[in-house]
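Work through the exercises below with the structure open. Try each task before you read its solution.

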Amino acid sequence: MNERPVWSGRFFVLSQPTGVLLLMFIAGLETDLDQFRKNWKSAISVAVGGIILPFFGGYAVAEAFGFAQNYALFMGVVFSATSVSISVQVLKEMDRLSSREGTTILGAAVVDDVLVVILLAVMMSFLGTGTDVSLGVLIGKKFIFFAGVIFIGWLVIPRILKRLSTLQVTEPVVSMALVVCFAFSYFADLMGIAGIIGAFAAGIALSQTEFKDTVEAKIEPIAYSIFVPVFFVSIGLNVTFKGVGTQMGFLAALTIAAILTKFIGAGLGARLTGFKTTSSLAIGSGMISRGEVALIMASTGLQAGLLLPEYFTSVVIMVIITTLVAPPLLKVFFNKNTNGYWEIKKG
């Protein structure tokens, strides 16, 4: 009798969505709006440039390889994602995290996350529905969701957490934080939006409270020791190298386009707001990595039928390569900038 216990299979299935929700919740918690305020003009310019060009780049590559319209559009969304967690570690090592370039990368990552999440919500609503739905109903639901989370997140949650923090019970704030995370996710699902959008919104709301560090310190061990690893295992289980050999042209085009569009788009956004050439190139390098954000989107798209299973592995490989390419490029251009090479003065 070598049958696997039924409960273990159920745990694995249930922990996959839990892992991705907690991962997005933590991403929201780590979203530092103060970084955005420091260089908001440059941050917006870099983020927008790093979304528009990659979106059209991903769409163009998919179209060139014969993808249907909805698949091509979703590929553009995946291209638009950015994860600067590795770039942040590199900047810390180089003691450049607090530089103007470093704070712009962090601020742009905040804007990028918010805009891409909204873009994903729109795409999932319009492309992920299998039946005819009124445009007015879709827009109305989006308005209700975002208005609701803004009101609850900024006015209700801080008061509840402050009241709960005085109770003499075990971890009331952390428990409430998890309730908020899953409640926002459920609310998002009811409004026809992916649950990960709700989890991200919950994280941002809690990041603006005095309990941010406490919640993050308590939830990260739970998430990263149990649920998040299961999510990444599920990503690996969906990866199959069968047929990848016939997709080498697609994989090469996908990877090159992913690197160049984000590098050029974000770098151009920095240059337009007064950064010198090497500083702009350094910022563009810092925005290349797609990391866990693109993996979450790819997994979500796979489940929603917006990403063909046979191309999932190629997308995962592209994400890995962009994540590996970003740190060395970042070091090269930051060193060039520090040593004064290739400098072109503004004006």
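Predicted model: local features only at pLDDT ≥ 70, side-chain atom pairs only at ≥ 80, totals over all residues.

**Exercise 1. The chain as a whole**

Solution: 
- Step 1. Read along the sequence. The pattern is α-α-α-α-α-α-α-α-α-α-α-α-α-α.

**Exercise 2. H4 against H11**

Task: Find the angle between helix H4 and helix H11, and decide how H4 is oriented relative to H11.

Solution: 
- Step 1. Know what to look for. Two packed helices are described by the angle between their axes and the distance between the axes.
- Step 2. Locate the pair. H4 covers residues 69–80 and H11 covers residues 248–272.
- Step 3. Read the values. The angle is about 50° and the axes lie 10 Å apart.
- Step 4. Classify. Roughly parallel needs an angle under 35 degrees, and roughly perpendicular runs from 65 to 115. H4 is therefore oblique to H11.
- Step 5. H4 passes H11 in a right-handed crossing.
- Step 6. List the residues. H4 brings Met-75, Phe-79 and Ser-80. They meet Phe-250, Leu-254, Ala-257, Ala-258, Thr-261 and Lys-262 in H11.
- Step 7. Sort this contact of H4 with H11 by class. Six residues are nonpolar, two are polar and one is charged.

**Exercise 3. H4 against H13**

Solution: 
- Step 1. H4 passes H13 in a right-handed crossing.
- Step 2. List the residues. Phe-74, Val-77 and Val-78 of H4 make the contact with Ala-294, Met-297 and Gly-301 of H13.
- Step 3. Sort the contact of H4 with H13 by class. Five residues are nonpolar, one is polar and none is charged.

**Exercise 4. H3 against H4**

Task: Describe how helix H3, residues 40–64, packs with H4.

Solution: 
- Step 1. Read the values. The angle is about 145° and the axes are 7 Å apart.
- Step 2. H3 passes H4 in a right-handed crossing.
- Step 3. Pick out residues. H3 contributes Gly-58, Ala-62 and Glu-63, among others, and H4 contributes residues including Met-75 and Val-77.
- Step 4. Sort the contact of H3 with H4 by class. It has ten nonpolar, six polar and one charged residues.

**Exercise 5. The core and a buried threonine**

Task: Which residues touch the most other members of the largest nonpolar core? Is Thr-322 buried or exposed?

Solution: 
- Step 1. Start with the core. It holds 76 residues, and Phe-25, Met-75 and Val-315 touch the most other members.
- Step 2. Find the main contributor. Helix H9, residues 195–207, gives the most to this core, with nine residues.
- Step 3. Apart from the largest one lies another of 24 residues, among them Ile-105 and Met-287.
- Step 4. Follow Met-75. Its contacts include Phe-67, Leu-307 and Val-315.
- Step 5. Locate Thr-322. It is found in helix H14, residues 309–339.
- Step 6. Apply the cut-off. Buried means under 20% relative accessible area. Thr-322 has 0% relative accessibility, so Thr-322 counts as buried.
- Step 7. Name its neighbours. Thr-322 touches residues including Ala-258, Ile-288 and Arg-290.

Key. Residues numbered from 1 in each chain as written. Heavy atoms only, no water. Core = buried A, V, L, I, M, F, W, Y, C linked by side-chain atoms within 4.5 Å. Buried < 20%, exposed > 50% of the residue type's maximum accessible area, 1.4 Å probe, protein only. Helix = DSSP H or I, 4+ residues; strand = E, 2+ residues; numbered from the N terminus. Contact = heavy atoms within 4.5 Å. Axes fitted to C-alpha atoms, helices over the stretch in contact; angles between N-to-C directions. Parallel < 35°, antiparallel > 145°, perpendicular 65-115°, else oblique. Left-handed = near helix turned anticlockwise from the far one by under 90°. Nonpolar A, V, L, I, M, F, W, Y, C, P; charged D, E, K, R; others polar. Lists of a residue's contacts leave out its neighbours within four places in sequence.
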